[in-house]
Amino acid sequence: MSEIHNPTDEELVREVQDGASEAFGVLMERYEDKIKRYARRFLFGYDDGADIVQEVFLKAYINIQSFDAERKFSSWLYRIAHNEFINAIKKKGREPLPFFDPDNLFPHPTAPESADTEINRQEITELLEMSLDKLKAKYREVFVLYYFEDMDYQEIADVLKIPVATVGVRLKRGRQMMRTFIEQM
Amino acid sequence: MKPRFSFILRALLLISGLVIVTLLVLYLTSFVFFMLRSNGTWLAPVFGLRGLGLFMTSLPWLLLLVIALFVVVLEILVRHFSFGYRRPLLYSVFGILFVLGLTGFMVAQTPLHEGLWERAENERLPLAGPLYKGLRQEMPDDLYQGVVLTLTEQGFHMQNIDEEVFLVEINERTRLPFGSEFIPGDMVMVIGELEDETIKAFGIRKINYSLPRPGFGNKPPPGILR
C-alpha cells in the first residue's frame, strides 16, 4: 500500500513557482485560518480585517517568485501579514507606531527564551485574550506570535526583522504590563 | 505574479549597492588613515594634551562625516539580511566600524594611495585628483616636517619640502619623547610656534623615511642629497 505524500509548504511553493498556480490554493487552505486569527488578535477594532487578510494572500501570490524555497514559508507569509497589518494601523492612525525602537539598538543579554510550563502558558494565553487590546502594538504582535501562533524567538525575529534578544525583552515587558492591568482590574 | 527576474534584478541591485558602498567607504577610510600618516598628524598625540588637541583639530571632519553617512547607508543595506537584523543595531554598527577601521588601516599601508597621489601630482588622476592635491594644504598649523641640516647651540636647522630653512629652537620645556639626539639627515616632526624663521619647539620626534609625506613620497628627502 503506497503512502499518500503530503507535500511541505516549501514543496508547494516550488510548484507554484514552476507554474502550477493551483498549488497556491492548498497553501491558502493551510494558512487562511491562521492568518485570520493573527489579524483578529493583532488588529483590534478593524472592521476590514478580512480584506486585509485577502490582501496578504494576494501579495504573497504576486511575490511568490521572490521566496527562497530553502527558507520557511510560514515566516515569509507572516512577514507579509505583519507588513500589511502595520500599514493598516498606520493608515487608520489609531495607534502610535514609533519609527525607531531603541530596543533594537542595544544588546539585551538578560532576555533568554523562557521555558513556560504548559499551565503557565495556558494561564497567560487566557489572560492575554482579556487584555491583549490594552497592549501597545509592538508588544501585542510578539505576544500573538509567541503564545497563539507558537513561534519561537528566532521565527518571530525573522517575521518582525528585529534582533532575537528584542523578542525576549518585549515578551518580558509585555508580561509585566499585563500583570499591572490585571492588578488594576 | 511578478516574474522571477524582477526579484533577481532587485537582489542584484541590493548586492551591487552593498559592494559599491563598501568599496567607497573603505577607500575613503583608508584615505583618511593615509592622510593622517602622510602629514604626520597621527604621531602628534605622543606630545601630550597639546599634541592630542592638534590631532583633533587636524582631523578631516568633513570626510569623516561623509564616511559616517556611508556607514548609515551600509547599515540600512546590511539589515536586509538575517545576519544584520537578528543582532542589535549597536553590534552591527560596531562590527562595520571595526572591519572598516581594520581594513582601511591595512589598505593605507599598501602603495595604493601613494601611487594615486603621484598620479594626481602629475595631473593624471581626473576624479580623485583634488583629494590628493589637497593633502599638501591639509598640513596642520604648528606642525612641521623636514630634514635636520646642521646642529646649533639652540637646536638645529631644518629644511622642509619647499626647501625653506628654519631654526628649530629647543628649550627645557620641549618634549622629546623619543630622545634628543639628532644628527644631520634625520627626518623630524616638530610641533611649535613659528616666529620669523624660528620654530619654538614644543615637541620633536624623529620620523621614519619610509613614511610617505607631502612631496617627499618614499624618496630620500632633498636635504640628504645635498
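How many helices and how many strands does the secondary structure of chain A come to? Chain A has 8 helices and 0 strands, where helices (H or I, at least four residues) and strands (E, at least two) are DSSP runs numbered from the N terminus.

This is a predicted model, in which local features need pLDDT of at least 70 and side-chain atom pairs count only at pLDDT 80 or more, while totals for chains, interfaces and linings use all residues. Residues are numbered from 1 along each chain as its sequence is written, and chains are lettered from A and ligands numbered from 1 in the order in which they are written.

**The two chains**

Chain B has 8 helices and 5 strands. Its elements run α-α-α-α-α-α-α-β-β-β-β-β-α from the N terminus on. The table uses two terms. A residue is buried if 20 or more other C-beta atoms lie within 10 Å of its own, exposed if 12 or fewer, and partly exposed in between, with C-beta atoms placed from the backbone. Two residues are in contact if their C-beta atoms, placed in that way, lie within 7 Å.

| Chain | Buried residues | Contacts joining residues at least 24 apart, among those at least 6 apart in sequence |
|---|---|---|
| Chain A | 30% of 185 residues | 66% |
| Chain B | 27% of 226 residues | 65% |

**Layout of chain B**

An automatic or database domain assignment gives chain B domain 1 (4-136) and domain 2 (142-225). The centres of these domains, taken over C-alpha atoms, are 31 Å apart. The C-alpha atoms of chain B fill a box of roughly 85 × 40 × 25 Å along the principal axes.

**The barrel**

In chain B, 5 strands close into a barrel in the order 1-2-3-5-4, with mixed pairing; two strands pair if DSSP finds at least two bridges between them. From one strand to the next the twist averages 55 degrees. Strand 1 (residues 143-151) and strand 2 (residues 155-159) of chain B are antiparallel and share 4 bridges. Thr150(B) has His157(B) in strand 2 as its bridge partner. Helix 2 (residues 48-58) of chain B packs on the sheet and touches strand 1, strand 4 (187-195) and strand 5 (198-206). The direction of helix 2 makes about 90 degrees with that of strand 4 of chain B; axes are lines fitted to C-alpha atoms, for helices over the stretch in contact, and angles run from 0 to 180 degrees between N-to-C directions.

**The interface**

Between the chains, 17 residues of chain A are in contact with 13 residues of chain B. Helix 3 (49-62), helix 7 (153-160) and helix 8 (164-184) of chain A each give two or more residues to the side that touches chain B.
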